[in-house]
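This report describes one chain of a structure and the way that chain meets its partner. Please look at the sequence and the model before reading on.

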Amino acid sequence: MTNLLVAATIPDAITFAVAAVICVVGALGVVLARNPVHSALMLVMTLFGIAVLFVEENAQFLAAVQVIVYAGAIVVLFLFVIMLLGVDRREAFEREPLPAQRPVAILLGIIGLAEVLLLARGRWPGGARSVSAALGTPGDNTRLVGQSVFTTYLLAFEVTSVLLVVAVVGAVVLARRPRHAPGDEAGPAGATTEPDEATDGPEATDPELTDSGPAEGEGDGTAGGGRTRDGELAESEVTSS
Amino acid sequence: MSIDASWYLTLAAVLFTIGAIGLLVRRNVLVMFMCVELMLNAANLTFVTFARKLNDVAGQTAVFFVLVVAAAEVVVGLGIIVSIYRRRPGATADDIHGLKG
């Protein structure tokens, strides 16, 4: 701790200490909270602490992106899924299929951490300081990151856009209920088959209903999605009450 | 003058360890997913620390890409989780041992 205070000015040291405590407490909260909603809120706490550390480390743009993307989008997505699925009940810690797993996991984690800290003691890997892409002054950060993304890493940036498109398509495909599968007609309960037949009604005049699925299924899937989602909400309310 | 980089790296190692232990210990799929996010953030902190230490903006660019990949991963992963829960409500990671739904 004396090393910390000697090397740094007092405000920096205080900022780092507070943000580090926030991060670690939030991380422990994510792991230890029994309710998934509490875990998600603790995750927000950790992410904010890391954003503070980003500012402290001269990465202002990333700090803003961290708050906007992580706390603003990803955690909200988590909360939406938790609440829509109705899984915000406590996890049953008593039923342990593999009793030795928890102590062994904690032991392994602590051994790994100790190993890293002992091996790197005082000699964290360094390297030559960059001469081509300097970090610049704090006001330059966004410009420099943008320059780096759009020149040096332009190909990676384009590939990233492909990845995002794939993710969107994958999410849409996963969220659709597979209605054209042969075994699914008899599968769902009456509450879900009712809306399906209702949406199939106008389409039934089409002779090749099952073959022309993909093109028509898209628009139909969105219309049916709202109804089946309502059905699920009702189901989850029934199970939770 | 700001804090020495080794403190940031130590903190990142601690956060990563907590995330890894949580991933191994918890049974709820959503919480396991959050632990993965925790580990990603620890790695991000390391990237930014080395970007400052080596005075190179490429580390921050790497964090930018990690953020994008994390967002895509969350979208697809949550889609999978939703479809799993749709078939078997209240499923934990132990119940998902077969690839057939």
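Helices (H or I, at least four residues) and strands (E, at least two) are DSSP runs, numbered from the N terminus. By this definition chain B has three helices and zero strands, and its pattern along the sequence is α-α-α. The radius of gyration, taken over C-alpha atoms and compared with a globule rule of 2.2 Å times the number of residues to the power 0.38, is 17 Å for chain B, well over the 13 Å that the rule gives for 101 residues, so chain B is more spread out than a compact globule. The C-alpha trace of chain B spans about 55 × 25 × 15 Å along its principal axes.

The model is predicted: local features need pLDDT of at least 70 and side-chain atom pairs count only at pLDDT 80 or more, while totals for chains, interfaces and linings use all residues. Residues are numbered from 1 along each chain as its sequence is written, and chains are lettered from A and ligands numbered from 1 in the order in which they are written.

A residue is buried if 20 or more other C-beta atoms, placed from the backbone, lie within 10 Å of its own, exposed if 12 or fewer, and partly exposed in between. Of the 101 residues of chain B, 52% count as buried. One residue of helix α3 of chain B is B:G77, which counts as buried because it has 21 C-beta neighbours inside 10 Å.

Two residues are in contact if their C-beta atoms, placed from the backbone, lie within 7 Å. Among the contacts in chain B with a separation of 6 or more, 46% join residues 24 or more positions apart. Beyond its neighbours within four places in sequence, B:A12 is in contact with B:A42, B:L45, B:T46 and B:T49.

A nonpolar core is a set of buried Ala, Val, Leu, Ile, Met, Phe, Trp, Tyr and Cys residues joined through C-beta atoms within 7 Å. The largest has 64 residues, and those with the most contacts inside it are A:V30, B:A12, B:L15, B:L30 and B:M34. At least two residues of this core come from each of α2 (10–32), α3 (36–56) and α4 (60–85) of chain A and α1 (5–25), α2 (29–53) and α3 (58–87) of chain B. The largest share, 13 residues, is supplied by α2(B).

**Where the chains meet**

The contact takes 71 residues from chain A and 66 residues from chain B. In the classes used here, Ala, Val, Leu, Ile, Met, Phe, Trp, Tyr, Cys and Pro count as nonpolar, Asp, Glu, Lys and Arg as charged, and the others, Gly among them, as polar. The side of chain A that touches chain B divides into 52 nonpolar, twelve polar and seven charged residues.

Two helix pairs across this contact are set out below. Axes are lines fitted to C-alpha atoms, for helices over the stretch in contact, and angles run from 0 to 180 degrees between N-to-C directions.

| Helix pair | Axis distance | Angle |
|---|---|---|
| α6(A) and α3(B) | within 9 Å | roughly 70° |
| α4(A) and α2(B) | 12 Å | about 175° |

Angles under 35 degrees count as roughly parallel, over 145 as roughly antiparallel, 65 to 115 as roughly perpendicular and the rest as oblique. Therefore α6(A) and α3(B) are roughly perpendicular to each other, whereas α4(A) and α2(B) are roughly antiparallel. In the latter pair, A:L62, A:I74, A:F78, A:V81 and A:I82 meet B:L30, B:M34, B:E37 and B:V48.
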